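Hi,

Here is the structure I promised to pass on. Have a look at it first, and then read on for what turned up.

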Amino acid sequence: MRILITGKNGQLGRSLQDVFAGTDHQIFAYASGELDITDQDQVGKVLTRDLPDIIVNAAAYTAVDKAEDEHEKAFQVNANGAENLAIYAQLANIPLIHISTDYVFDGNGVLPYKTDDATHPQGVYGKSKLAGERAVTETAIKHIVFRTSWVFSEYGHNFVKTMLRLGEERNQLGVVADQYGCPTYAGDLALAIKSVCHQYEQQAALSWGVYHFCGDLATSWHGFARSIFMLAEQEGVLGNRPALNAIESSTFPTSAERPAFSVLDTHSLSELNLVPSNWLVGLKKCVVCFNK
Ligand SMILES: NC(=O)c1ccc[n+]([C@@H]2O[C@H](COP(=O)([O-])OP(=O)(O)OC[C@H]3O[C@@H](n4cnc5c(N)ncnc54)[C@H](OP(=O)(O)O)[C@@H]3O)[C@@H](O)[C@H]2O)c1
């Protein structure tokens with residue numbers, strides 16, 4: 001199959017290239033400089049030239065705090081960019097796999113969010129991502145939207161790398177303990193996307209729609225940090241294990257408000273023959289790569 005991937009240098013973009021390496025699929029992967037999804041003409045030209053059988057949109061504006069000051073840019077990429085791809089997918093009658101976020105919810109819930117629970121994003125990033133998923137679901141009939149959360153990987157910037165770096169520099173770290181979510185290993189999300197592509201190739205009757213793909217265990221940022229340092233110590237990656245202090249989010253103000261509870265219910269994944277990310281296994285893979 002011919003598979004077109006946008007945002008090839010991001011965490012998910014790089015993980016996708018890893019999982020498709022060595023397969024028979026022809027991969028057309030683009031960085032923002034090669035295919036800017038906000039440029040409708042360029043999207044049309046590149047896709048008409050490559051003629052993909054399926055599109056995977058791993059591109060996004062992901063600077064959650066900066067988005068509060070860059071409303072237009074966030075919406076350009078996350079809403080208009082997603083719509084440009086959806087328009088092409090619909091015209092070409094091919095599927096679009098698109099990624100959204102737990103930040104479409106306000107985080108005031110106490111039970112894991114189901115895919116059809118009411119959305120109510122708090123910040124610009126979440127609002128722009130919700131506009132993007134709406135553009136995709138309303139424009140392209142053949143769509144799979146994966147809402148994911150707390151993504152980490154061997155690549156780019158993420159919480160795991162930040163913790164390990166700070167752990168080398170400091171003896172004490174304060175980490176927010178009153179926000180709960182599910183860490184997700186980008187490599188597992190990439191494998192889930194690969195499976196959807198494979199099922200589509202096998203002409204399986206895919207149920208188009210919105211799904212939640214995230215880690216199998218909910219935790220707080222503090223709990224996540226504890227797991228990171230426990231594994232780092234086990235794997236001999238860090239000389240020094242810092243003391244972790246549980247802090248309240250109110251003592252760590254950020255421009256964008258984060259949902260206090262953004263645990264996603266992943267039950268409907270079984271409709272796509274998928275299981276949630278075993279993030280502790282993914283975490284071990286990332287931790288051993290640190291400093292390499
Ligand atoms: N990271 C998380 O914790 C998290 C949580 C929930 C959901 N998600 C979602 O998961 C998906 C993947 O996230 P990620 O962590 O892999 O993101 P990432 O590492 O920030 O990568 C995003 C990529 O998108 C590219 N991009 C930005 N603007 C573009 C444009 N106009 N045209 C084409 N490419 C563009 C960027 O390229 P340049 O750098 O070259 O601009 C970057 O390589 C996104 O949809 C994100 O919203 C992420």
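When I say that one residue touches another, I mean contact in the sense of heavy atoms within 4.5 Å. Please also keep in mind that this is a predicted model.

With that in hand, take Gln76, which sits in helix α3. Gln76 touches Thr38 and Gly81, leaving aside residues up to four places away in sequence. Ile37 is 39 residues from Gln76 along the chain, yet their C-alpha atoms are 8.9 Å apart in space. Is Gln76 buried or exposed, or something in between? The cut-offs are under 20% relative accessible area for buried and over 50% for exposed. Gln76 has 30%, so the label is partly exposed.

Asn78 is also in helix α3, but here the relative accessibility is 3%, so Asn78 counts as buried. What does Asn78 touch, again not counting residues up to four places away in sequence? The answer is Ala60, Tyr61, Tyr125, Ser128, Lys129 and Gly132. With Tyr61 there is a polar contact too: a polar atom of the Asn78 side chain lies 2.8 Å from the backbone nitrogen of Tyr61.

Next, the ligand. There are 23 residues around it, and those that come nearest are Leu12, Ser32, Thr62, Tyr125 and Lys129. Which elements supply at least two residues each to the shell around the ligand? They are α1 (residues 11-20), β4 and α4. Of the elements, β4 gives the most to that shell, with three residues.

Some backbone atoms also come up against oxygen atoms of the ligand:
- Gly10 has a backbone N or O atom 3.1 Å from a ligand oxygen.
- For Gln11, the distance from a backbone N or O atom to a ligand oxygen is 3.0 Å.
- Val151 likewise places a backbone N or O atom 3.0 Å from an oxygen of the ligand.

As for cover, the ligand on its own has 900 Å² of accessible area, and the protein covers 78% of that.

Now the aromatics. Searching the whole structure gives 14 aromatic pairs. One of them joins Tyr103 and Tyr125: the ring centres are 5.9 Å apart and the planes meet at 85°, so this is an edge-to-face pair. Planes over 60 degrees apart count as edge-to-face, which is the cut-off used here. The pair ties together distant parts of the chain, with Tyr103 in the loop between β4 (96-101) and α4, and Tyr125 in helix α4, 22 residues apart. Both tyrosines are buried. Elsewhere, Trp150, Phe152, Phe159, Tyr185, Trp221, Phe224 and Trp279 make up one aromatic cluster.

Trp279 from that cluster is also one of the contacts of Ser227, along with Leu280 and Leu283, not counting residues up to four places away in sequence. Ser227 belongs to helix α7 (221-234) and is buried, with a relative accessible area of 14%.

On to the nonpolar cores. The largest has 29 residues, and Leu4, Leu35, Leu47, Ile55 and Leu96 have the most contacts inside it. Two or more residues each come from β2 (26-30), α2 (40-50), α3 (71-92) and α4 (124-139). Which element gives the most to this core? That is α3, with seven residues. Leu35 shows what the contacts look like: Leu35 touches Leu4, Thr6, Tyr30, Gln42, Val43, Val46 and Leu47, not counting residues up to four places away in sequence.

Most residues other than glycine have a negative phi. Leu51, in the loop between α2 and β3 (54-57), has a positive phi, near 45°. Asn273 is not a glycine either, and its phi is positive at about 60°. Asn273 is in the loop between β12 (243-247) and α8 (279-289), and it is exposed, with a relative accessible area of 61%.

Cheers

Conventions. Residues are numbered from 1 along each chain as its sequence is written. This is a predicted model: local features need pLDDT of at least 70, side-chain atom pairs count only at pLDDT 80 or more; totals for chains, interfaces and linings use all residues. Side-chain values use heavy atoms; hydrogens and water are left out. A nonpolar core is a set of buried Ala, Val, Leu, Ile, Met, Phe, Trp, Tyr and Cys residues joined through side-chain atoms within 4.5 Å. Buried means under 20% relative accessible area, exposed over 50%, partly exposed in between (1.4 Å probe, protein chains only). Helices (H or I, at least four residues) and strands (E, at least two) are DSSP runs, numbered from the N terminus. Rings of Phe, Tyr and Trp (its six-membered ring) pair if their centres lie within 6.5 Å; planes under 30 degrees apart count as stacked, over 60 as edge-to-face and the rest as tilted. A residue is near a molecule or strand if one of its heavy atoms lies within 4 Å of it. A polar contact is a pair of N or O atoms within 3.5 Å; within protein, one must be able to donate a hydrogen and the other to accept it, and residues adjacent in sequence count only if both atoms are side-chain atoms. Accessible areas come from the Shrake-Rupley method with a 1.4 Å probe; for residues, only the protein chains shown count as cover.
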